[in-house]
Amino acid sequence: MVKAVIFTDFDGTVTQEDSNDYLTDNLGFGKEKRLKVFDGVIDGTTTFRDAFSQMLDSIHTPFPECLDILTKHIDLDPGFKDTLKWSLENNVPIVVVSSGMRPIIKHLLTSLVGEDSINKIDIVSNEVDIHKDGEWNIVYIDDGPFGHDKSKTIDRYKRKYEAESSEKPIYFYCGDGVSDLSAAKDCDLLFARRGKDLVRYCKKQDVPFREFDSFEDILASIKQVLSGKKTVKELMEN
Ligand SMILES: [Mg+2]
């Protein structure tokens with residue numbers, strides 16, 4: 001029986017910097033154009049799916065080279081390793097729910113936390129198709145405007161855990177961006193990285209959340225909830 005589940009975004013949440021933004025800004029059409037394309041997502045003239053494809057299509061560096069570059073430049077959140085260790089010892093599954101690409105996530109996690117551990121984390125995200133000429137493109141996991149509808153994935157997991165147990169687990173969600181908002185609505189406690197878009201969107205839409213600076217904060221809060229020292233409601237008052 002599982003008493004809690006930690007759903008987490010990957011880029012900018014488990015890692016300090018977004019790997020797809022890094023590739024676009026340094027190998028693709030650059031930060032200025034990226035922000036301009038994403039203005040269209042915010043004002044509703046383009047979908048996240050199309051904007052994300054545009055930015056990735058501007059990268060012509062072969063995929064294995066992209067992986068090497070990311071390994072050198074992307075760091076893990078300083079508290080993630082301990083959170084992962086604790087989650088494995090305490091039977092609290094971590095599920096990575098990402099709008100990014102699975103081979104990048106797997107590669108980064110393998111180099112940052114080691115192969116043993118990552119086999120114990122579920123990763124749900126998009127895939128990559130590598131062509132014969134070295135070009136590559138993202139393959140979205142579903143047909144919707146987000147490419148990966150995170151709330152659908154979370155629903156599927158919730159049904160699975162609730163079928164296995166008589167008591168409903170406590171669901172935590174950790175994120176930093178706009179794609180995390182709909183995902184987080186179905187969870188009991190949302191952690192939003194301080195200073196990032198998700199905080200702004202939560203305030204705008206009156207969604208309760210708890211700010212975090214690193215997974216150290218997240219783990220401390222989760223322990224408080226599971227030991228009964230604090231309620232989810234108390235923590236969401238920040
Ligand atoms: Mg993110």
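Reply: Let's start with one term: a helix here is a DSSP run of H or I that is at least four residues long, and helices are numbered from the N terminus. Keep in mind that this is a predicted model.

Me: Okay, which helix does Ser-111 lie in?

Reply: Ser-111 sits in α6, the helix that covers residues 102–113.

Me: Now helix packing. At what angle do α4 and α6 pack?

Reply: The general idea is to compare the N-to-C directions of the two axes. Helix α4 (residues 63–73) packs on α6 at about 40 degrees, and the axes are 10 Å apart. Angles under 35 degrees count as roughly parallel and 65 to 115 as roughly perpendicular, so α4 is oblique to α6. The crossing of α4 past α6 is right-handed.

Me: Which residues of α4 and α6 make the contact?

Reply: From α4 you get Leu-67, Leu-70 and Thr-71, while α6 brings Ile-104, His-107, Leu-108 and our friend Ser-111. Sorted by class, the contact of α4 with α6 has 4 nonpolar, 3 polar and no charged residues.

Me: How do the axes of α2 and α3 cross?

Reply: Helix α2 (residues 31–42) and helix α3 (residues 48–57) have axes that come within 9 Å and cross at roughly 170 degrees. Anything over 145 counts as roughly antiparallel, so α2 is roughly antiparallel to α3. On the α2 side, Arg-34, Val-37, Phe-38, Gly-40 and Val-41 make the contact, and on the α3 side Phe-48, Ala-51, Gln-54 and Met-55 do. Those residues divide into 6 nonpolar, 2 polar and 1 charged.

Me: What about α5 and α11, at what angle do they pack?

Reply: Helix α5 (residues 80–89) and helix α11 (residues 215–226) pack at about 30 degrees, their axes 8 Å apart. That makes α5 roughly parallel to α11, and their crossing is left-handed. Phe-80, Asp-82, Thr-83 and Trp-86 of α5 meet Phe-215, Ile-218 and Leu-219 of α11.

Me: Next, the core. Which residues touch the most other members of the largest nonpolar core?

Reply: The general idea: in soluble globular proteins, nonpolar side chains tend to be buried together. In this model the largest nonpolar core holds 42 residues, and Phe-7, Phe-172, Tyr-173, Cys-187, Leu-190 and Phe-191 touch the most other members. Take Phe-172: leaving out residues up to four places away in sequence, its contacts include Ala-4, Ile-6, Phe-7, Cys-187, Phe-191 and Ile-222.

Me: Last one: where is Asn-91 placed, and what is its phi?

Reply: Look for a positive phi in a residue that isn't glycine. Asn-91 has a phi of about 55 degrees and belongs to the loop between α5 and β2. With 10 other C-beta atoms within 10 Å, Asn-91 is exposed. Asp-206 gives you another case: its phi is positive, near 60 degrees, and its place is the loop between α10 and β7. Asp-206 is exposed, with 6 other C-beta atoms within 10 Å.

Conventions. Residues are numbered from 1 along each chain as its sequence is written. This is a predicted model: local features need pLDDT of at least 70, side-chain atom pairs count only at pLDDT 80 or more; totals for chains, interfaces and linings use all residues. A nonpolar core is a set of buried Ala, Val, Leu, Ile, Met, Phe, Trp, Tyr and Cys residues joined through C-beta atoms within 7 Å. A residue is buried if 20 or more other C-beta atoms lie within 10 Å of its own, exposed if 12 or fewer, and partly exposed in between; C-beta atoms are placed from the backbone. Two residues are in contact if their C-beta atoms, placed from the backbone, lie within 7 Å. Axes are lines fitted to C-alpha atoms, for helices over the stretch in contact, and angles run from 0 to 180 degrees between N-to-C directions. Helices (H or I, at least four residues) and strands (E, at least two) are DSSP runs, numbered from the N terminus. Ala, Val, Leu, Ile, Met, Phe, Trp, Tyr, Cys and Pro count as nonpolar, Asp, Glu, Lys and Arg as charged, and the others, Gly among them, as polar. A crossing is left-handed if the near helix is turned anticlockwise from the far one by less than a right angle, and right-handed if clockwise.
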